[in-house]
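Student: Please take me through the terms used to describe this model. I would like to see how each one is applied.

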Amino acid sequence: MSVYTIAEITIKDEDAYKEYQAKVPATIAQYGGRYLVRGGEVTTGEGGWNPGRIVILEFPDVEALQKWATSPEYAPVAEIRYRAADTKSFIVQGV
């Protein structure tokens, strides 16, 4: 069953975040993941939530997502993101 990770990103360092954006797609693809949403215009709906940037990734299953998130390929790229942005995220399984 597919699993999705949904993240709200607040960028603190544009240059570092651009470096992250350039390096992360190959690591995601290596573990069977793909982008469904990567930025784009956000329109506020119910509840007044108004995130600046949303990223949604799809992986074949939770195991693939966890392997990617803890992989040696992603670790140095993740360090760039930790410096460049604040992130809130959650994981949800699809149907």
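Tutor: Two strands pair if DSSP finds at least two bridges between them. Strands (E, at least two residues) and helices (H or I, at least four) are themselves DSSP runs, numbered from the N terminus. This is a predicted model, in which local features need pLDDT of at least 70 and side-chain atom pairs count only at pLDDT 80 or more, while totals for chains, interfaces and linings use all residues. Residues are numbered from 1 along each chain as its sequence is written, and side-chain values use heavy atoms, with hydrogens and water left out.

Student: Why are E2 and E4 called edge strands?

Tutor: The 4 strands form an open sheet in the order E2-E3-E1-E4, with antiparallel pairing. Strand E2 (34–38) and E4 each have a single partner strand, so one side of each is left without a neighbour in the sheet. From one strand to the next the twist averages 20 degrees.

Student: What links E2 to the sheet?

Tutor: E2 pairs with E3 over 4 bridges, in the antiparallel sense. Arg34, found in strand E2, has Glu58 as its bridge partner in E3.

Student: Why is Arg34 called partly exposed?

Tutor: Buried means under 20% relative accessible area, exposed means over 50%, and partly exposed is the range in between (1.4 Å probe, protein chains only). Arg34 has 48% relative accessibility, so it counts as partly exposed.

Student: Which residues does Arg34 contact, beyond its neighbours in sequence?

Tutor: Contact means heavy atoms within 4.5 Å. Leaving aside neighbours within four places in sequence, Arg34 is in contact with Ile28, Ile56, Leu57 and Glu58.

Student: Is Gly47 exposed or buried, and what makes it so?

Tutor: Gly47 has 85% relative accessibility and therefore counts as exposed. Gly47 is found in the loop between E2 and E3. Its C-alpha atom is separated by 33 Å from that of Ala22, 25 residues apart along the chain.

Student: What makes E3 a mostly covered strand?

Tutor: In E3, 5 of its 6 residues are buried.

Student: How do you know that the buried residues of helix H3 line one face?

Tutor: The buried residues of H3 (residues 75–84) are Val77, Ala78, Ile80, Arg81 and Ala84. Seen down the axis of H3 they fall within an arc of 150 degrees, so they line one face of the helix. The arc is that of the directions from the helix axis to the C-beta atoms. These buried residues pack against strand E1 (3–11), helix H1 (14–30) and strand E4 (85–93).

Student: How is H3 placed on the strands?

Tutor: H3 lies across E1 and E4, running at about 120 degrees to E4. Axes are lines fitted to C-alpha atoms, for helices over the stretch in contact, and angles run from 0 to 180 degrees between N-to-C directions.

Student: What makes Arg38 a charge over a ring?

Tutor: The rule asks for NZ of Lys or CZ of Arg within 6 Å of the ring centre and within 35 degrees of the ring normal. Arg38 lies over the face of Tyr35, at 4.5 Å from the ring centre, so the distance is inside the cut-off.
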